[in-house]
Amino acid sequence: MSEDTAVAANPRVALTIEPLTREAFAPFGDVIELEGCKQFPINQGTTTRFHDLANVDVGEGGRALINLFRGQPRALPFEVKMLERHPRGSQAFIPLNDKPYLVVVAPAGELDPTKLRAFVSRGWQGVNYARGVWHHPLLALGEVSDFIVVDRGGEGHNCDEQDLPESVWLTEAAMQAAK
């Protein structure tokens, strides 16, 4: 059975995709964007500082890591089979290009597939997953995309992966409905 046929045969598994907004994403962490943030001039007026865009949580004994992730583009329909979480700290993704990408999340705690949510960024919006929030690995769209990723380094296990009992699908129809 093709992916299109599987989605058409069981529309309950198609996940709704929402626009990424601070309010909608708040249960899962922070949206990193300039709109509505505190800003002020620094360096004798030659630079604007966009201040305190996310709550970086490295937990007890952790240190902040700054990484570059290069995400390969995903085609729709896309089958979501698993999620991961970082129990010891937050994880922020800041895109270096102005291309939309998808975010799939579920609340921290025991993974509850009925509470999955999907968001599409407007391009230059980042996300900071709060400690323990379930999320799908990077879902770039259209072309190879680079992201600065800030997360926790240090001792202790900090990545849990869990398969979903039933796959859900991200579809082109759901993307169009989110616009």
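1. A word on the ground rules. This is a predicted model, in which local features need pLDDT of at least 70 and side-chain atom pairs count only at pLDDT 80 or more, while totals for chains, interfaces and linings use all residues. Residues are numbered from 1 along each chain as its sequence is written, and side-chain values use heavy atoms, with hydrogens and water left out.

2. Overall form. The chain has 3 helices and 14 strands, where helices (H or I, at least four residues) and strands (E, at least two) are DSSP runs numbered from the N terminus. Along the principal axes, the C-alpha atoms fill a box of roughly 60 × 35 × 30 Å.

3. Of the 179 residues, 42% count as buried (buried is under 20% relative accessible area, exposed over 50%, partly exposed in between, with a 1.4 Å probe and protein chains only). Among contacts (heavy atoms within 4.5 Å) with a separation of 6 or more, 82% come from residues 24 or more positions apart.

4. Salt bridges in total. The count is 8 salt bridges, each being a side-chain nitrogen of Lys or Arg within 4 Å of a carboxyl oxygen of Asp or Glu.

5. Glu33 and Arg122. The partners are 89 residues apart: Glu33 lies in the loop between β2 (29-32) and β3 (38-42), and Arg122 in the loop between β9 (117-120) and β10 (126-129). Glu33 is buried at 8% relative accessible area, whereas Arg122 is partly exposed at 49%. Both belong to a salt-bridge network that also links Arg22 and Glu35.

6. Asp146 and Arg70. In this salt bridge the closest N and O atoms are 2.7 Å apart. The pair joins strand β13 (residues 145-153), which holds Asp146, to strand β5 (residues 63-71), which holds Arg70, across 76 residues. Arg70 is exposed, with a relative accessible area of 55%.

7. Glu79 and Lys81. For this salt bridge, the closest N and O atoms are 3.9 Å apart. Glu79 is partly exposed at 26% relative accessibility, and Lys81 is partly exposed at 48%.
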